[in-house]
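Look over the fold below before reading on.

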Amino acid sequence: MSAARLTVIGCSGSYPGPESAASSYLLEAEHEGRTVRILLDLGNGALGELHRYVDPLTIDAVFLSHLHADHCLDMCGYYVMRKYHPTGAQPRIPVWGPGDTPGRLARAYDLPLDPGMTEEFDFRPHGEAVTVGPFVVESRPVVHPVDAFALKVTVGGRSLVYSGDTGACPELTSLATGADLLLCEASFRDGVDNPPDLHMTGSECGTTATEAGVGRLVLTHIPPWHDSQDALTEARTTWSGPLDLAVAGMVIDL
């Protein structure tokens with residue numbers, strides 16, 4: 001039996017696309033007689049898709065990689081669901097993210113900063129490793145125009161590293177070293193004058209996976225304006241191991 005299961009809720013880069021919502025990933029594992037569920041990001045369109053797989057009210061914690069809309073904005077709908085659900089207001093759940101997460105989400109829904117969404121969510125800044133049921137989650141700052149974090153989830157002796165949004169950087173490679181799965185964004189294309197410290201190309205994802213010695217590489221966060229197959233082709237120039245493209249509804253047993 002696998003230690004945990006990853007379901008791709010949304011994987012479209014920069015904005016929701018015709019085949020997927022924006023970034024959101026569900027992790028589930030059995031622990032002490034029940035299923036513990038955590039979310040990595042909840043971008044535009046992802047909350048609606050989440051209903052296809054689980055009751056969103058059964059989520060135990062949310063981890064936001066950064067505060068761009070395609071990674072966090074459906075927290076607004078989740079706030080409404082938890083506050084006004086017909087079964088009653090739901091208990092607060094922890095939400096880890098960058099330091100300004102409470103303010104960012106309050107402004108996004110045009111709420112007063114006090115209380116904002118703090119009566120629905122227990123906001124906590126990324127920092128030391130945290131434990132939620134069987135999951136141990138570590139965060140590492142990476143390079144992006146806003147405060148952004150890669151996330152490493154360890155469960156049952158297996159580990160997944162999610163790049164969030166980042167340019168290629170030693171911090172991501174270090175966090176991913178020895179991971180069983182690297183879920184890595186491939187927003188950019190080779191041969192283009194890409195801005196620095198923003199996103200990664202498929203070949204940069206492959207290089208990171210090779211240098212980190214991961215078990216499997218899954219490319220994600222490809223914008224709808226790109227052909228996702230190009231990212232696979234680029235990654236194969238620098239990575240010879242197991243390689244896949246994230247698609248909505250994809251399930252990976254860790």
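The sections below describe a predicted model.

Strand 6 covers residues 93-97. Five of its five residues are buried, so the strand is largely enclosed by the rest of the structure. Ile93, Val95 and Gly97 point one way. Pro94 and Trp96 point the other way, and these too are buried.

Strand 6 pairs with strand 5 (residues 61-63) in the parallel sense, over two bridges. Here Val62 stands opposite Val95. Strand 6 also pairs with strand 7 (residues 121-125), again parallel, over five bridges. Trp96 has Arg124 of strand 7 as its bridge partner.

An open sheet is built from seven strands in the order 8-9-10-11-12-13-14. Its pairing is mixed. Strand 8 (130-132) and strand 14 (243-245) stand at the edges. Each has a single partner strand, so one side of each is left without a neighbour in the sheet. From one strand to the next, the twist averages 20°.

Thr131 has Val136 in strand 9 as its bridge partner.

## Helices on the sheet

Helix 6 packs on this sheet, where it touches strand 12 (181-185) and strand 13 (217-220). The direction of helix 6 makes about 155° with that of strand 12. Helix 7 (residues 228-236) packs on the sheet as well, touching strand 13 and strand 14. Its direction makes about 165° with that of strand 14.

Helix 6 spans residues 202-212. Which of its residues are buried? They are Gly202, Ser203, Cys205, Gly206, Thr208, Ala209 and Ala212. These buried residues pack against helix 5 (170-176), strand 12, strand 13 and helix 7. Just after the helix, Gly213 takes a positive phi of about 65°.

Glu204 also lies in helix 6. Glu204 counts as partly exposed because its relative accessibility is 30%. Neighbours within four places in sequence aside, Glu204 is in contact with Ala168 and His199. Glu204 and Leu172 are 32 residues apart in sequence, and their C-alpha atoms are 11 Å apart in space.

## Cysteines without disulfides

How many disulfides does a search of the whole structure find? It finds zero. Cys76 is in no disulfide either; its nearest cysteine sulfur, that of Cys72, is 7.4 Å away. A disulfide requires the two sulfur atoms to lie within 2.5 Å.

Are Cys11 and Cys76 buried or exposed? Cys11 counts as buried because its relative accessibility is 8%. Cys76 counts as buried because its relative accessibility is 9%. The cut-off for buried is under 20%.

Methods:
Residues are numbered from 1 along each chain as its sequence is written. This is a predicted model: local features need pLDDT of at least 70, side-chain atom pairs count only at pLDDT 80 or more; totals for chains, interfaces and linings use all residues. Side-chain values use heavy atoms; hydrogens and water are left out. Buried means under 20% relative accessible area, exposed over 50%, partly exposed in between (1.4 Å probe, protein chains only). Helices (H or I, at least four residues) and strands (E, at least two) are DSSP runs, numbered from the N terminus. Contact means heavy atoms within 4.5 Å. Two strands pair if DSSP finds at least two bridges between them. Axes are lines fitted to C-alpha atoms, for helices over the stretch in contact, and angles run from 0 to 180 degrees between N-to-C directions.
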